[in-house]
Amino acid sequence: MLISILLWLLFGALIGWIAGMIMKSKRSLLGNIIFGIIGSIIGGFVAALLGFGSIRGGFSFDIWNIVISVAGACLLIFIVGILKGKK
């Protein structure tokens, strides 16, 4: 259980950091974790809607999930930027 939580936090931090680099957004470690985890959920949901993935439980660390998660985190950063009034 603890390992699973630590993996989610590590994966969220990695995804949030990559998305922040792509979108030129500077966030703290906690911000990267939050944006990475929420972005992963958004990316998985959108991919499932488009037929590229499936909504399923579990943790899978492969390149496809990283791409989907980073795309979701970038989308989240973009949306938050619009809501805050930034470009």
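**Starting from a buried glycine**

Buried here means under 20% relative accessible area, exposed means over 50%, and partly exposed is anything in between (1.4 Å probe, protein chains only). Keep in mind that this is a predicted model, in which local features need pLDDT of at least 70 and side-chain atom pairs count only at pLDDT 80 or more, while totals for chains, interfaces and linings use all residues. Residues are numbered from 1 along each chain as its sequence is written, and side-chain values use heavy atoms, with hydrogens and water left out.

Gly 16 is found in helix H1. Helices (H or I, at least four residues) and strands (E, at least two) are DSSP runs, numbered from the N terminus. The protein chain has 3 helices and 0 strands, so to speak a plain α-α-α pattern when read along the sequence. Of its 87 residues, 32% count as buried.

What does Gly 16 touch, leaving aside its neighbours within four places in sequence? Asn 32 and Gly 36 are in contact with Gly 16, where contact means heavy atoms within 4.5 Å. The C-alpha atom of Gly 16 is also separated by 5.4 Å from that of Phe 35, although the two residues are 19 apart along the chain.

Those contacts take us to the pairing of H1 with H2. The axes of H1 and helix H2 (residues 29-49) come within 6 Å and cross at roughly 95°. Axes are lines fitted to C-alpha atoms, for helices over the stretch in contact, and angles run from 0 to 180 degrees between N-to-C directions. H1 and H2 are therefore roughly perpendicular to each other; that label covers 65 to 115 degrees, with under 35 counted as roughly parallel, over 145 as roughly antiparallel and the rest as oblique. On the H1 side, the contact is made by Trp 8, Leu 9, Phe 11, Gly 12, Ala 13, Ile 15, Gly 16 and Trp 17. H2 brings Leu 29, Asn 32, Ile 33, Gly 36, Ile 37 and Ser 40. Sorted by type, the residues of the contact of H1 with H2 come out as 9 nonpolar, 5 polar and no charged. In that sorting Ala, Val, Leu, Ile, Met, Phe, Trp, Tyr, Cys and Pro count as nonpolar, Asp, Glu, Lys and Arg as charged, and the others, Gly among them, as polar.

Ile 34 also sits in helix H2. Is Ile 34 buried or partly exposed? At 41% relative accessibility, Ile 34 counts as partly exposed.

Back on H1, the buried residues are Phe 11, Gly 12, Ala 13, Ile 15, Gly 16, Ala 19 and Gly 20, and they pack against H2 and H3. Just after H1 comes Lys 24, with a positive phi of about 55°. Most residues other than glycine have a negative phi, and most peptide bonds are trans. Lys 24 lies in the loop between H1 and H2 and is exposed, with a relative accessible area of 75%.

Now for the other partner of H2. H2 and H3 pack at an angle of about 110°, with their axes 6 Å apart. That makes H2 roughly perpendicular to H3. Phe 35, Ile 38, Gly 39, Ser 40, Ile 42, Gly 43, Gly 44 and Ala 47 of H2 meet Ile 68, Ser 69, Gly 72, Ala 73, Leu 75, Leu 76, Ile 77 and Val 80 of H3. The residues of the contact of H2 with H3 divide into 10 nonpolar, 6 polar and no charged.

Along H3, the buried residues include Asn 65, Ile 66, Ser 69, Gly 72 and Gly 81, and their cover includes H1 and H2. H3 is followed by Gly 85, which has a positive phi near 90°.

Finally, the core. The largest nonpolar core has 10 residues: Phe 11, Ile 15, Ala 19, Phe 35, Ile 66, Val 70, Ala 73, Cys 74, Leu 76 and Ile 77. H1 (2-23) and H3 (63-84) each supply at least two residues of this core, and the largest share, 6 residues, comes from H3. A nonpolar core is a set of buried Ala, Val, Leu, Ile, Met, Phe, Trp, Tyr and Cys residues joined through side-chain atoms within 4.5 Å. Cys 74, one of the core residues, touches Ala 19, Ile 22 and Met 23, not counting residues up to four places away in sequence.
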